[in-house]
Amino acid sequence: MHPAPSIILFTVLSGLGFGLMIFLGLGMPAPTGINAFIWFALAYIFAVGGLISSTFHLGNPQRALKAFTQWKTSWLSREAWLSAITLTIMAIYGAGLVFLETRWTALGYLGAACALATVYGTSMIYAQLKTVPRWNHPTTPAMFIAYALAGGSLLAGQVSVSLVLMGCAAALQAFIFFTADTRFAARGHTLETATQLGDIGKVRAFEPPHTGTNYLLHEMVHMIGRKHAQKLQIIALLLLVAPIILLLLPFSHTLAAGAVLAHLAGVLTARWLFFAQAEHVVGLYYGKRG
Amino acid sequence: MTELPTQTEKKLGLVIDLDTCVGCHACVISCKGWNTENYGAPLSDQDPYGAAPTGTFLNRVHSYEVQPETGPAQLIHFPKSCLHCEDAPCVTVCPTGASYKRVEDGIVLVNESDCIGCGLCAWACPYGAREMDQDQGVMKKCTLCVDRIYNENLPAEDREPACVRTCPAGARHFGDLGDPDSEVSQLVAERGGLDLMPEQGTKPVNQYLPPRLKDDYTNTGEIDILAPLLDPVAPDAKGLLGWLDKALEKL
């Protein structure tokens, strides 16, 4: 799949923002006054910045509000609702902390649950697609949630919790890197099932329908960068493990900032691979799979 | 709405005969023509006369080489457009309700004024049947020429999809696949029509008729009923020719 920068930034930044909201909602930390304002501003910059970034890949962003209508069947619509609900609840919860120096505990827990659900909603946009076997797997939502919790706890300064969560996220990512390559073949999609010509013999794409490229090839048969996939996987894992080492060293703000940057770079690399390595079944028709 | 109807009154669709298709791409051109000049955003081209032309098409013809275990390879032309699936995954993922499946005839359509151009429906389709128009930013797909098939301003013989009307080989058939007595259903039953990528569970309405068994030029044996008459009539030569034949054999 085409690794569009707007979508990579959307999923990574909003994941981080909603991850921070989970911990703010849980009261970890529970700042008040101007401190609370800074914490919440940070969470909103990431979450809303990510959501705004996602609109850059739309063909007609002026109609984006229509995306709230089909929550009964569409994960993209559900994600729009969940993020709007979360941002509203957390704004009220944050206003209590900033202006009234009051913590509405139950509201915070509700906001944290909604933030978690939002991240799950984002992940299901990809995990629901049977056409991309690499994504159509329970590890996809698990991975999105693991990154939101690890990044959120890191930004929230919950060092001991974050160490465990970052270890879990890195381990899960390693598991995905090791196991996801075989999923396409395991589903049994071949050029023979795609064309139903397998009863005659072995099928080979002889001539494509068009001499140039098209939307399908650009969007779903992306090939660039796969030759460096293994190196990038190692780089991503090193960047994901680096914050754990940096946080285990004697605490300093420089090391903490380094940990956040390394984590962000690691998630961005892993998310780029999430798209670039994902193979859509339509590639079969062009002889570009298997 | 993006909830799929549990049942449609008709299942309008295409039956494509892979035995008959000659790969002329006339259906591609007539589709592009009709759907550019009529309903909805025109099917735009980018850099059409330049070095790297691209464009939006609702129907494309692939060509595949199939190699049987014995005998020569076969070339099979393979037109592909929206299959108007009963369990259309492109419809349910749509966040705006722009994509829908009609209850009255089962046609899957896009309401372009509601489409935000997110592209998720194209990702959900296993067949590559949906293409985002790069000029208008809305999703385009086969409408089964919904603006022809019910159009009383057209002569009766033109009230079928443009691709079917134009096919010079008669490889494309249009009708109600939900009616077991319809001509298309009879054809599917007779020829063993197939679903593409059935393991995706989309239940396509469009059906593909597999190529019939081909003649094989490597067959030995009788090739002509006149062949026996061409057998040599004087196998044992006599006289001078007989002597020459024996002499040459001995060399």
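The largest pocket has a volume of about 510 Å³. The model described here is predicted.

**Lining of the largest pocket**

- A total of 24 residues line the largest pocket, and those nearest its centre are Ser54(A), Thr55(A), Leu76(A), Glu79(A) and Ala80(A).
- Two or more lining residues come from each of α1, α2 (33–55), α3 (75–99) and α4 of chain A, and also from α3 (120–124) of chain B.
- Helix α3(A) gives the largest share of the lining, namely six residues.
- Sorted by class, the lining comprises 19 nonpolar, four polar and one charged residues.

**Packing of α1(A) against α4(A)**

- The crossing in which α1(A) passes α4(A) is left-handed.

**Residues in the helix contact**

- On the α1(A) side, the contact is made by Ile7(A), Phe10(A), Thr11(A), Phe18(A), Met21(A), Ile22(A) and Gly25(A).
- On the α4(A) side, the contributing residues are Gly108(A), Tyr109(A), Ala112(A), Ala115(A), Leu116(A), Thr118(A), Val119(A), Thr122(A) and Tyr126(A).
- By class, eleven residues of this contact between α1(A) and α4(A) are nonpolar, five are polar and none is charged.

Key: Residues numbered from 1 in each chain as written. Chains lettered and ligands numbered in written order. Predicted model: local features only at pLDDT ≥ 70, side-chain atom pairs only at ≥ 80, totals over all residues. Heavy atoms only, no water. Left-handed = near helix turned anticlockwise from the far one by under 90°. Helix = DSSP H or I, 4+ residues; strand = E, 2+ residues; numbered from the N terminus. Contact = heavy atoms within 4.5 Å. Nonpolar A, V, L, I, M, F, W, Y, C, P; charged D, E, K, R; others polar. 1 Å grid on protein atoms, 1.4 Å probe; cavity = no way out; pocket = protein on both sides within 12 Å on 5 of 7 lines; lining within 4 Å. Points joined across faces, edges and corners; volume = space filled by probe spheres on them.
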